[in-house]
Amino acid sequence: MPATGCVNSPISFTNTSTNDIRATTTFTWAFGDTNTSTVQNPTHTYTAVQAFNPQLTLSYTGVTGCSNNTTKNINIVAAQTPTITASLPEICPTEVSTLTVAGTFTTYQWNTNATTASIDVSTPGDYTVNTTDANGCVG
């Protein structure tokens with residue numbers, strides 16, 4: 001489980017505990033936001049930006065007094081929003097405007113298929129970019 005996750009994005013939780021394979025194991029995840037799961041390796045999507053303390057409790061069906069739990073911390077963050085600035089607010093024939101994404105991102109994907117922080121455009125139109133920030137959040 002990562003120490004940081006993105007709001008509204010699925011996060012995979014992995015059980016790494018050692019259990020007795022001769023008994024029926026029960027996995028109870030409490031994600032810290034009132035949601036729970038009994039799947040051994042669940043995914044969960046947090047809808048609020050804040051710190052959570054998800055907990056896994058491992059027990060055995062039909063065996064009382066034999067359980068253990070562990071709690072980890074996870075910070076849920078919002079994606080950094082990309083802002084596009086243009087070197088020219090309007091372009092005329094033969095002019096070129098450079099569109100640049102403000103901020104620091106690890107990946108860029110423009111609707112022109114470019115994958116750089118800046119693109120040069122010579123025709124009017126709608127230009128969009130999807131980015132991934134240092135936390136892995138898509139903006």
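Guide: Sorted by class, the residues lining the largest pocket come out as six nonpolar, ten polar and one charged. That gives 17 lining residues, and the ones nearest the centre are Thr16, Trp29, Leu56, Thr70 and Lys72. Keep in mind that this is a predicted model. The volume of this largest pocket is about 320 Å³.

Where does the lining come from? Two elements, β7 (55–60) and β8 (63–71), each give two or more residues to the lining of the largest pocket. β7 has the largest share, with four residues.

Now pick out Trp29, one of the residues nearest the centre of that pocket, and follow its ring. Trp29 belongs to an aromatic cluster together with Phe13 and Phe31. There are five aromatic pairs in the structure. One of them joins Phe13 and Phe31: it is tilted, with 5.0 Å centre to centre and 55° between the planes. Phe13 sits in the loop between β2 (10–12) and β3 (25–30), while Phe31 sits in the loop between β3 and β4 (36–37), so this pair ties together parts that are 18 residues apart in sequence. Trp29 and Phe31 count as stacked because their planes are at 10°, with the ring centres 6.5 Å apart; the cut-off for stacked is under 30 degrees. As for accessibility, Phe13 and Phe31 are buried, and Trp29 is buried too.

For contrast, take the second largest pocket, which has a volume of about 160 Å³. Its lining holds 13 residues, with Pro89, Leu99, Val121, Gly125 and Tyr127 nearest the centre. By class, that lining has eight nonpolar, three polar and two charged residues.

Stepping back to the whole chain, you'll find zero helices and 14 strands. The C-alpha atoms fill a box of roughly 80 × 25 × 20 Å along the principal axes. The radius of gyration is 23 Å, whereas a compact globule of 139 residues would come in near 14 Å. Buried residues, Trp29 and Phe31 among them, make up 27% of the 139 residues. And if you look at contacts between residues at least 6 apart in sequence, 49% of those contacts join residues at least 24 apart.

Definitions and conventions: Residues are numbered from 1 along each chain as its sequence is written. This is a predicted model: local features need pLDDT of at least 70, side-chain atom pairs count only at pLDDT 80 or more; totals for chains, interfaces and linings use all residues. Side-chain values use heavy atoms; hydrogens and water are left out. Rings of Phe, Tyr and Trp (its six-membered ring) pair if their centres lie within 6.5 Å; planes under 30 degrees apart count as stacked, over 60 as edge-to-face and the rest as tilted. Buried means under 20% relative accessible area, exposed over 50%, partly exposed in between (1.4 Å probe, protein chains only). On a 1 Å grid over the protein atoms alone, a cavity is a set of points where a 1.4 Å probe fits but cannot get out, and a pocket is an open set with protein on both sides within 12 Å along at least five of seven lines; lining residues have an atom within 4 Å of a point. Grid points are joined across faces, edges and corners, and a volume is the space filled by probe spheres set on the points. Ala, Val, Leu, Ile, Met, Phe, Trp, Tyr, Cys and Pro count as nonpolar, Asp, Glu, Lys and Arg as charged, and the others, Gly among them, as polar. The radius of gyration is taken over C-alpha atoms; the globule rule is 2.2 Å times the number of residues to the power 0.38. Contact means heavy atoms within 4.5 Å.
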